[in-house]
Amino acid sequence: MILLSVPAGEDSLTHRRHVCSRVIPHSQDSLTNGLDLEKIFGRKAPLHVDLGCGDGSFLCTLAQRLPARNFLGIERLTGRIRSSARRVAWLENVRLLQIESSYAVRYLLPAGSVETFYLLFPDPWPKRRHHRRRIVTPDFLKSVHTALVKDGLIYIATDHFDYFREISQTARSAPGFATADIDVELPSSKFGVVFQQKGMPIHWLALRKISPVK
């Protein structure tokens with residue numbers, strides 16, 4: 001189990017239990033076996049996954065808006081997992097997993113298990129020598145396609161135009177996806193608010209899973 005610190009004013013035993021219960025514990029084989037989603041959430045419901053959930057603000061708002069959906073927030077940084085866990089502590093339809101997003105998509109999410117992915121403001125790694133670290137690659141989109149249900153969606157947002165252009169080019173060459181309209185009003189994330197306040201344009205892309213042409 002990941003140990004979480006609870007700030008002053010949030011130190012009741014009940015609250016601590018809720019905070020810890022939202023984080024999926026690692027076991028000896030948890031990094032190699034697919035997630036048992038029905039066991040983790042205690043119910044069967046459509047799954048939405050926030051890749052790189054940060055402080056949990058976007059995840060929390062969306063989970064409250066859609067209580068009939070299950071929400072999984074994935075984040076690799078311990079501080080952000082702690083912030084997310086405190087924020088979503090009272091939400092029964094949210095769980096958190098501390099791990100690299102690309103690994104979770106490829107190895108831990110069962111095929112056909114995800115209704116919607118959200119990839120908001122992934123690190124653009126702007127220096128050319130770091131481009132290989134960018135998350136959106138053909139292999140990543142292939143794993144996303146496998147994890148999505150039929151007609152499932154992935155929403156991608158970035159403030160970095162060059163990265164957006166690269167993502168769009170990668171998506172166009174990826175079999176099994178079609179560009180979709182963004183016909184829902186999504187809540188703002190922490191980074192989204194910062195970029196909006198600075199007057200920076202935010203570039204959005206929505207991809208829908210389709211059957212690859214054979």
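Contact here means heavy atoms within 4.5 Å. Axes are lines fitted to C-alpha atoms, for helices over the stretch in contact, with angles running from 0 to 180 degrees between N-to-C directions. Helices (H or I, at least four residues) and strands (E, at least two) are DSSP runs, numbered from the N terminus. With that in hand, helix α6 (residues 138-147) lies across β1 (47-51), β4 (114-120), β5 (148-158), β6 and β7 (203-209), and runs at about 140° to β5.

The model is predicted, so local features need pLDDT of at least 70 and side-chain atom pairs count only at pLDDT 80 or more, while totals for chains, interfaces and linings use all residues. Residues are numbered from 1 along each chain as its sequence is written, and side-chain values use heavy atoms, leaving out hydrogens and water.

As for the sheet, it is open, with seven strands ordered β3-β2-β1-β4-β5-β7-β6 and mixed pairing (two strands pair if DSSP finds at least two bridges between them). At the edges sit β3 (94-98) and β6 (177-180), each pairing on one side only. From one strand to the next, the twist averages 20°. Five bridges join β2 and β3 in the parallel sense, and Ile-74 has Leu-97 in β3 as its bridge partner.

Next along is Glu-75, in strand β2 (residues 70-75). Glu-75 counts as buried because its relative accessibility is 4%, the cut-offs being under 20% for buried, over 50% for exposed and partly exposed in between (1.4 Å probe, protein chains only). The side chain of Glu-75 comes to 3.2 Å from the backbone nitrogen of Leu-77. Neighbours within four places in sequence aside, Glu-75 touches Gly-52, Cys-53, Gly-54, Arg-80, Ile-81, Leu-97, Gln-98 and Ile-99.

Technical notes. A polar contact is a pair of N or O atoms within 3.5 Å; within protein, one must be able to donate a hydrogen and the other to accept it, and residues adjacent in sequence count only if both atoms are side-chain atoms.
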